[in-house]
Amino acid sequence: MASRLTAILLALASAYSLLLLRPKIGSFRLPGNQQGYEPVQPIAYSHRLHAGELQIPCLYCHFSAERSRHAGIPAASICMNCHRFVTAPLGALRAEDALASKEKRAPRLIVSPELQKLYDALALNEKREPDPSRRPRPIAWVRVYRLPDFVYFDHRAHVNAGVACQQCHGPVETMERVRQVSDLSMGWCVNCHRQANQAGINGRQVHASTDCAACHF
Amino acid sequence: MRADEPKRYWKSLAEREGGAAYSERAAAEFDETPFAAGPLGSRRSFLQAAGFSFAGALLAGCRRAPVEKAAPWLEQPEEIIAGRSYYYTSTCGACPAGCGLLVKTRDGRPIKLEGNPDHPLSRGGLCAVGQASILGLYDSLRPKQPLLRGRAVSWQEADREVLKALAEARRSGGAVRYLSGTLTSPSRLRMIRQLLSGLPDGRHVIYDTLPAAAVLDAHERTHGVRALPHYRFDRANVVASFDADFLGTWLSPVEFTAGYSRLRRPFEQSPQMSYHVQFEARLSLTGSKADRRIRIAPEELPWYLAQLCARLEVKAQRSSGARLESLPILDDVAERLWQARGRSLVVCGAEHLDAQLLANYANELLGNYGTTLDLRRPSLQRQARPGDFAELLEEIATGRIAVLFLDGVNPVYDLPDGEQLARRLRKLPLVVSLAERLDESAEAAAVVCPDQHYLECWGDAEPVRGLFGVQQPLIPPLRGRAALESLAIWAGAPKSAADIVRETWEREIFPRCKAKEESFERFWERVLHEGWVEAEIEHPGPAFNPAPAQASLHRVTRPAVAGLTLVAYPKIALLDGRHAYNPWLQELPDPITKATWDNYACLAPATARKLGLTDGDMVRLEAGPERAVELPVLVQPGQHDNVVAVALGYGGHLTRRFANLGPRWLGWRPSVNAGGYVGENIAPLLERDGGTVRWTRSGVRLVPTGKRLALAVTQDHHTLTVPPRLAAADLGRRPIIEETTLEAFQKDPRAGAQGHPPPAEDLWPRDHTFPGHRWMMFVDLTACTGCSACVIACQVENNVPVVGKDEVRRKREMHWIRIDRYYSGPLGDVDVAFQPMMCQHCEHAPCETVCPVLATVHSSEGLNQQVYNRCIGTRYCENNCPYKVRRFNWFDYARDDRLANTVLNPDVTVRSRGVMEKCTFCVQRIQEARLEARRRGEPLRDGEVQTACQQSCPAQAIVFGDANDPASKVSQLLKSGRAYRVLEEINVRPSVTYLRLVRNRREAEEEERHG
Amino acid sequence: MAELALLAPEPLIAGGKRPGQVTSEILATTERRASPLWWAGFLVAFGALAAGIASVAYLFSTGVGTWGLNNTVGWAFDITNFVFWIGIGHAGTLISAILYLFRQRWRTSVNRSAEAMTIFAVICAGIFPVIHLGRPWLAYWIFPYPNTRGPLWINFRSPLAWDAFAITTYFLISLTFWYLGMIPDLATLRDHTPSRFRRRLYAFFSLGWDGSFRTWLRYETVYMLLAGLATPLVVSVHTIVSWDFATSVIPGWHTTIFPPYFVAGAIFSGMAMVLTLVIVARKVMRLEDYITPRHIDAMCKFLLLTSGIVGLAYATEFLTAFYSENRYEQFVFLNRALGPYAWGYWIMVVANVLIPQLLWFRRLRRSTAAVFAISILINVGMWFERFIIIVTSLHRDYLPANWTMYRPTLIEVGTLVGSFGLFFTCFLLFCRFLPVISMSEVKGAIQFGRSRPGTPAPEESPLPAEVHP
């Protein structure tokens, strides 16, 4: 008799605790799964602004994705292609110009603090010319997407096959700070390969190898 | 990441988004105190708490990996893309042979050397030493700074010291001597001339540790030019070699191997091959490939040559009346040579004037000068003048030298009286060493101005007259200063190495080249792109004067051979010991003895039996008064009974670095001997006469010490015939290596086939179809010389670790490709067969069925894949592999030298402890080629994928390709009658096919040899 | 009548025990303080175990390189010990299951310890496949479980995977069987033990056993069924273990004779081990009356039979090799008998085939000393059998260039010693805290052969067991 009561209570209690655990279970991730990782970067570079609003194509900065296994983080010199001239958010610049014309004076130079970091890294003076007195020091970005050493991933293969960057990296053009969208688990890779072999990539038939040695060697 | 703002962690997306609300909820959950009163309450809360702690444990499990930074360039360099490999031409500086290189660089650092396929000498091959020389670049023990009497000083200080001494010498007319090995670099020679020209008594003395002085002297006598002919093995249909190891260590092995093997590829369409007879005392690599091998004592060599010449005289009706003794073998050789007049070649490697004179005479009689020996474009290696060196040693002894430069030579180590020399060097006013590393001589020098590695500075080479190669820096200098720059400074005209080299080429080489480009700039660009250029030669070949040769023909008499003769020889990997610092080369098994990490006294089986010695017995070699060296014995079939052969290049200071090599554990034993060196230096036992060190010394004594030393050999059993008492009748010999004679092959291309064909039908349907590519490899056993270049190439390409002597002794070497060496025939003059053995990528792979975790599976392209990160290390696959080509990581092998780690191939995983590994058919190269082809939108062409072993093979014995492509080379080879697979009868269906070994012999001959 | 009586079998239990006496005497083994002999044994065993733990710890910290293995010989001591211990296990299941089904009454006095031995042996065996791994911390990968790798399953073609299942099954079944058989005795313990802590413990594990006839009825049914279930395991487990070798391509391994050969060998070695143990136990625990020469005699006959089978297998191997005309096969067996490991081969032949022939003599079967010596020799022999099969097949296989020798290191020896340590530690603890002999079953057997004259008749009528309400 007593034992039966015990059994019932046990069952109820476990059911209840499962109920309470639900959110945790839902968000449970295996060790090593970095999904959702969103580190703070040395310079608050906004993909939303550049890729989203300004519509700069991904491959403009990450050009090596076409020709190398690494997509590559663009060199500071590539930022300077624009930021030699654009030193602050356009709004701020326009406002300053307007103000200047109203006050009949030459517009003052406005440099956003984030871009200042870029200029510092390149050791440029306020005229954005090399300043011999200072040493340039590279910018140490924080890697977001990382694969274990025993995995060989090649951007070249995917970009040339026509896989959209967003396929793996998610809607980067909407992110202020880049977040790891996919969990980068082997299952995630393999399933995509399988689908590509069946459905092809935007209509084109492709061969996405599912051999181990496609990634592990 | 900013310091003021800590990194944000969260346990779940809910927490990330939920923010405040979430934290409330979370707090509420844990608010309720566990084990509240009341029987029901207690249990429920207990279970709750239990549940949460469980979830907590799981969440604690998903720990964030440490933050990893990535720092891109500030200025994007042109045409360099991170993660792409670029190939630059250069010229190998590992030895003076000057083979052409393509240096694979990745993100600004060279990581692999490959032969330059367009280079006229090396033709795409590269030897083991060349392959390994890249490790020298990343040698962290190379001195960064100059040393002044042992203490590190600034370059200015060192230069001040040198300039002071030079000025002093200039004033007082003191002697300045520049001692170097043979330098083939025009720029280097120019700078040395410049340095010495300004001095009243300055001389450049050349001294070779691997000399060919006798050849030079002989040609001075017979041709009037002191030149080393450029031997053209690619034209020689009959080769008679007298103790010249031209496939292994003599002059330019890669070039010779390439040429030699070109004429030794019998196929159905052209069932021909050259004939090669070798007269030698010890079993050399070259001898092991000979169709006919005659063991002679070193003393007999000139006499054999004389007899050969006498026979040729008769055939040429120019007999000078030399006595002919009955020697059937020589009759046969002479006949063959004579039949191949003008397309034959007699080479002699002995440092013996008479022998060399006779060799020249033989070649002259055969009309080989101008065809197989080229004196118009002589080789510029080994130009030493022993006379000069003897003089120099005299001067050093008497101390009549103001400044002595040592450039790339190590006489303190090489010379029998090295210690004495070292003492004398210390007494000299100033000795300046330009050694890359602190060797014995550098330690004796007052000033050491370390030179740079050839991959980090500008340089050039002229290995053969009129053939120029360029060396370009491929990485910012890691150590030292370019010798060219040092010389320029000391000559009083500081200049960068780049300028010096360009100057030389603009002034001296460009005009001679008759280049199509009008401007030097364009020419220079082409040179840098191609890596080499050929200049015109106008002067004709010199005339021949028979008198001196005939004189020695009559002078030479047959010596009485008695007692033991010591023969010192350079080893494939270590040569004269200049690369003794290189662990790859130390661990490379000698192709013949299969021993690593030691030198040893090779004895003929008969001699060993007579003395009651076996492998590993320590003996004391005594030569002359109080000169003795203790060495382990190694019984070497095919060696002459009166010879004890010992390798040079061991026991040098450069090997002290290996004291702590290898994985450390209870059973660990050092890779060095009691003295702290690897092996023993044999030099003290040799004799120096004048400027040359004699490599042979008769009348040595051999005293067993009763001690033993286990040699680290990678192969214990040397024949394919199992011990008779363990073999049932007639099943003794195993059909692992199939061989046949040329005669038989001409009759039937399938001659010599032994293995059973596999069953046509399988019990179960093919479990692999190969829709795309089907990778296959062919290894031509006839072409393979066993030179082991592939072993090192594979080691570099695939990040194969060095394990040290003790581990090799335990049969745990890690090489993915090994070269099995089997003897056959009578113990006295054995036949040798080499068989490169790597993973056979079986279609029915035994390893695949037994792995419980699917760590080794078959790919859709016929590769047997090994997945390191899935492997749990049961070693079942290794046990079940009939070829035993799998390698297990018994320990975590040391990778603690950060600088040395930069040589690692970033495309290949570095394996950790406890996982299995093996040959992958260089799958990373397949991937690279495939992806590049896809990027260009073209199909993968045949030959575009080359495995590392294939690329480096000087004999081009390895062919790799896609068998699904009917036009590919492998598809053609599949049809060859010589094709066979090892262990075909067990039906594992290997993807590696071997081409049967063919020896240029008559069947009858083979019969009486093997019965 | 009398002469008829003489034909009746001699009693299984000596000394004309009464049930109560049985209970008290067997309980005594758990209640009286441990004899110095027990302590001595325990200390030795535990020392060995400690050595084992030390060597395994070093192995884990440093790597498999601390063993004497090499590129050619990938398995040696590790798998030898594994197969050896698995073999030992078999006798237990055989005695408890098969002999039960065959109604062999004499098993009652030895089955408990035999089953215990099985459990401990399987534990020892189970350790080796784990520690022999290059990366033991990933051992769980050998079981199929849902994962995020695609998913990636295990290789169901691999005998090692089969092993994993076979052995876990075997362990679980044996454990259940052992425990089930012990329940009535646990109840008895519960009712007799003075210490209230131990009473609690026994009470828990006896699952509220009341010796009612209904309970007994169901108990017997379950026991019977489980015996039926366990029987196939006697054959299956070692068959699967033998497939580790039989399915390979290595000459000397690749042979169809292995399954029966291994099973026979297993029972052989198992029986030998049981003998070794009970002979010690009956002395140390003073159970001469319960484990009588008759039991020993019966087991010796088993040895004789299985030794014959094993010997036949040895011979057959040579015949097949000779008959096959396969040069590699022939070489392997010649190499075993005459090669560098010939000494091991001949130890195996002498200990497993020749020496057991002595057991044809009744007198030897009856002398515990002799049997003890023989059983130990057999164990040695059977260990070498596995060693020879594994090492000699590997060290000289197809390509002569690969031929090597294998020499064990101290660490390996330590591990072997350690496994024995573990085994005996467990067994001694078992002798100390649990009834070595199944009281309930023995009580069923005390009547056996009582009709034989000269055996003292019991004063009171025997009941199955004291009934506790």
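**Entry 1: N880(B)**

I started with the side chain of N880(B), which reaches the backbone nitrogen of V249(C) at 2.8 Å. That is a polar contact (N or O atoms within 3.5 Å; within protein, one able to donate a hydrogen and the other to accept it; residues adjacent in sequence count only if both atoms are side-chain atoms). The model is predicted: local features need pLDDT of at least 70, side-chain atom pairs count only at pLDDT 80 or more, and totals for chains, interfaces and linings use all residues. Residues are numbered from 1 along each chain as its sequence is written, chains are lettered from A and ligands numbered from 1 in the order written, and side-chain values use heavy atoms, leaving out hydrogens and water.

I placed N880(B) in the loop between α28 (876-879) and β37 (887-888) of chain B; helices (H or I, at least four residues) and strands (E, at least two) are DSSP runs, numbered from the N terminus. N880(B) is buried, at 1% relative accessibility (buried is under 20% relative accessible area, exposed over 50%, partly exposed in between; 1.4 Å probe, protein chains only). Beyond four places in sequence, its contacts (heavy atoms within 4.5 Å) include P846(B), S248(C) and I250(C).

**Entry 2: H717(B)**

Next I looked up H717(B), in the loop between β30 (712-713) and β31 (739-741) of chain B. H717(B) is buried too, at 15%. I found its side chain reaching the backbone oxygen of T719(B) at 3.4 Å. Outside four places in sequence, H717(B) touches P723(B), P400(C), A401(C) and W403(C).
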